[in-house]
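Here is a short tour of one protein chain. Keep the sequence and the structure side by side as you read.

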Amino acid sequence: MLARILLLIGLLTMSAFAQPAIEPGVSLELARWRAAHYSDVRYKLNLTLEKMSPVLKGTMEISVRVGEKGSGGVKESEPGAVATGFSTPIILDWRRIKGHEEKSTISNVSINGRVLSPGFSRQTADGGPPEGGTQNAYEESNEHLIFRDGVVVGENVIKLDFTSPILTSGSAITRYVDKEDGSEYIYSLFVPSDASTAFPVFDQPDLKARFELSVSAPGEWNVISNSAISGRAQAACGQRTEINVETGHIGATPLNTQCLPINGFHETKPMSTYVFAFAAGPWEKVSVPGAVATGDLITVKSKAPVATAQGTDKNAAGDPTTSIYFRRSQAAKFKPHAAEVFRLNREAIKYFEEYFNYKFPFPKYDLVLIPEFPFGGMEHAGATFLRESSIIFPQEPTRNDHISRALLMFHEASHQWFGDTVTMRWFDDLW
């Protein structure tokens, strides 16, 4: 019996460190292998949102520490040095939406300062793609981007440009055009594993990462994300940097896009890719306590802090704030619900802080009311998205409607602790 147990432990250990087959999607074997070899993941995203554009445009920098083969991502030799026979690749997830593949593009790819081109890397002593590959190449295979050339022990930095589709449905990035005033709203929804259709990531819940986001968007738009906005600046106009993958030449070419203001956000705490989010559009905003209303919207006074975590955004009086965002065409409809929605939000945070004996875990807690949202709500860390019709009732609400709204808001608030802060290792433990 002991021999069988030791054999089983050995097989499980081998499966954790043997590179899995590259198959479509993210297999449990791939997820375990990456968790054992990668750590300290960071994404720096620069997004461009243009009015009625069919695609999201962006540049990104992916930082990840890679451990020696079989080290479980812990043991590292000379930092920054290419190891002899080092064969631990970096495997990112990158999926193209069927029927819209032409809108999903990757270009200007480099790793650790080395410019790469699409294709197979040359076969290494420890295995790899077939013979006949090229140097300084990355591979796109079965919904993954695979980097072998230039990977080092320790920190690796991959830079690339991308585009991905913005659709009215069936996409990780969705556009809604207001039927009442024609305003355009854009939002992301990555649950459970659709972040990889927007840009390359490690799309598994246990590889949490810090996100640093900047968004270029029309000047009249508000942009909301997981962390608080750090600043707003006018974009530099006229040129962009491009890399010639054949010659390695770095040059500048004219921009064909609008010059849009840049909204910068503070780096997030580590979080799973499926709870990262952003929304943009001409949203109206109301904040509490010390509410700063848009137009003549109600000013709501709070008896207790909405959240009390260190670093929570605070107003001039030192009170932490939360904000609710909604379509500008719905301002009059939201007004009679404002006080109750803020009360429910405040009571939910207060209740769960006491229940979990743990202060609200993120720097802020915003609510964004999304029209025709496919779920009742989604608990993005620090910025929950709620179905608009569940908060601003389309007809005279019943008692059950009021109860359902309270349950929805409490349910999504609870996820800020259990689901966002404490996250399942794999999707079979989804709560």
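Start at Ser 227, which sits in the loop between strand E13 (222–225) and strand E14 (229–234). Helices (H or I, at least four residues) and strands (E, at least two) are DSSP runs, numbered from the N terminus. Ser 227 counts as buried because its relative accessibility is 6%. Buried means under 20% relative accessible area, exposed means over 50%, and partly exposed lies in between (1.4 Å probe, protein chains only). Leaving aside neighbours within four places in sequence, Ser 227 is in contact (heavy atoms within 4.5 Å) with Phe 265, His 266, Thr 268 and Lys 364. Glu 267 is 40 residues from Ser 227 in sequence, yet their C-alpha atoms are 6.9 Å apart.

**The model as a whole**

This is a predicted model, with residues numbered from 1 along each chain as its sequence is written. Local features need pLDDT of at least 70, side-chain atom pairs count only at pLDDT 80 or more, totals for chains, interfaces and linings use all residues, and side-chain values use heavy atoms, with hydrogens and water left out.

The pLDDT is the predictor's confidence in each residue, from 0 to 100. Its mean over the chain is 82, and 75% of the residues reach 70 or more. Over residues 1–16 the pLDDT is below 50, and this stretch has four contacts in the model beyond near neighbours in sequence. Over residues 239–257 the pLDDT also stays under 50. There the model has 34 contacts beyond four places in sequence.

The chain has six helices and 23 strands. Of its 431 residues, 50% count as buried. Among contacts between residues at least 6 apart in sequence, 71% join residues at least 24 apart.

**Strand pairs**

Two strands pair if DSSP finds at least two bridges between them.

| Strands | Sense | Bridges |
|---|---|---|
| E1 (residues 38–48) and E12 | parallel | eight |
| E12 and E17 (residues 261–265) | antiparallel | three |
| E7 (residues 137–141) and E8 (residues 144–147) | antiparallel | four |
| E20 and E21 (residues 366–370) | parallel | two |

Strand E12 (residues 209–216) is mostly covered, with six of its eight residues buried. Val 215 in E12 is the bridge partner of Leu 47. Val 215 also has a bridge partner in E17, Asn 263.

Strand E20 (residues 322–326) is largely enclosed by the rest of the structure, because five of its five residues are buried. Thr 322, Ile 324 and Phe 326 point one way from E20, while Ser 323 and Tyr 325 point the other way. In a regular strand the side chains alternate between the two faces of the sheet. Tyr 325 has Val 368 as its bridge partner in E21.

Ser 141 stands opposite His 144 in E8. Asn 142 lies in the loop between E7 and E8. It has a positive phi of about 50° although it is not a glycine.

**The core**

Which residues touch the most other members of the largest nonpolar core? They are Leu 49, Ile 90, Phe 147 and Phe 202, in a core of 97 residues. Helix H4 (residues 338–356) gives the most to this core, with seven residues. A nonpolar core is a set of buried Ala, Val, Leu, Ile, Met, Phe, Trp, Tyr and Cys residues joined through side-chain atoms within 4.5 Å. Not counting residues up to four places away in sequence, Phe 147 touches residues including Ile 90, Val 109, Tyr 138 and Ile 158.

**Backbone details**

Asp 40 lies in strand E1. Its phi is near 50°, a positive value in a residue other than glycine. Asp 40 is partly exposed, with a relative accessible area of 42%. A cis peptide bond joins Val 191 and Pro 192, with omega about -5°. Pro 192 is in the loop between strand E11 (184–188) and E12.
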